[in-house]
Amino acid sequence: MSRKKLFAIGIGIALGVLVGVILFWPYYHTHWSPEARLARATGMDPTVYVRARDIDMKARHTHSLSSADMAQIKTFLNYEASNRPSIIRMRAIDALTQLRHTPYAVEAQRLIQTKLSDPDPYVRIFALRHLNAMNPQLGAQEAERLLFDPNEDVRSEASLILKYDKGVQP
């Protein structure tokens, strides 16, 4: 084969791959990405997980969210539709933490504070860490309250926050 034919075949293959990626990407994003597979494995709707991740990433990169995104976060904080919804609530908490220097900061702190009484102890730990990152004084106050939590892991995290943020020995 001549060089021109090989070059033309190479260009055709490259264009075919590019078109395939462009057409397949949205499907991959919501059905076959690692996050979507994790969501399916835990019984969640993959599109919900992907939307929570997208909002979290938007907050992380822009440090701002639209009012529609804030409404979606409030929905995610109360997400109880499957066996393993805590990852959705944790993504929402993470997104709220990124808003600490925005007009939404006070509302974000209040929403994170509500998750300190979540039924899942890992969500409570996650909320305490993030609340402490946003407002160390409020985090220390809530950590003192969580020293009496029924879960040992939550009590341990609360004592660590008090130890390192206030200099108090647990």
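Axes here are lines fitted to C-alpha atoms, for helices over the stretch in contact, with angles taken between N-to-C directions. Keep in mind that this is a predicted model.

**Stop 1: the helix pair.** Select residues 86-97, which form helix 5, and residues 121-134, which form helix 7. Their axes come within 10 Å and cross at roughly 0 degrees. Angles under 35 degrees count as roughly parallel. Helix 5 and helix 7 are therefore roughly parallel to each other.

**Stop 2: the contact.** Show side chains on both helices. On helix 5, pick S86, R89, M90, I93, D94, L96 and T97. On helix 7, pick Y122, V123, F126, A127, H130 and M134. These residues make the contact between the two helices. Now colour by class. The contact of helix 5 with helix 7 has 8 nonpolar, 3 polar and 2 charged residues.

**Stop 3: R91.** Stay on helix 5, where R91 lies. Is R91 buried or exposed? Its relative accessibility is 18%. Buried means under 20%, so R91 counts as buried. Next, select its partners. Leaving aside neighbours within four places in sequence, R91 is in contact with Y49, A52, R53, D56 and M57.

**Stop 4: N132.** Move to helix 7 and centre on N132. N132 has 12% relative accessibility and therefore counts as buried. Which residues does N132 touch, not counting those up to four places away in sequence? Select G139, A140, I161 and D165 to display them.

How values were computed: Residues are numbered from 1 along each chain as its sequence is written. This is a predicted model: local features need pLDDT of at least 70, side-chain atom pairs count only at pLDDT 80 or more; totals for chains, interfaces and linings use all residues. Side-chain values use heavy atoms; hydrogens and water are left out. Axes are lines fitted to C-alpha atoms, for helices over the stretch in contact, and angles run from 0 to 180 degrees between N-to-C directions. Helices (H or I, at least four residues) and strands (E, at least two) are DSSP runs, numbered from the N terminus. Angles under 35 degrees count as roughly parallel, over 145 as roughly antiparallel, 65 to 115 as roughly perpendicular and the rest as oblique. Contact means heavy atoms within 4.5 Å. Ala, Val, Leu, Ile, Met, Phe, Trp, Tyr, Cys and Pro count as nonpolar, Asp, Glu, Lys and Arg as charged, and the others, Gly among them, as polar. Buried means under 20% relative accessible area, exposed over 50%, partly exposed in between (1.4 Å probe, protein chains only).
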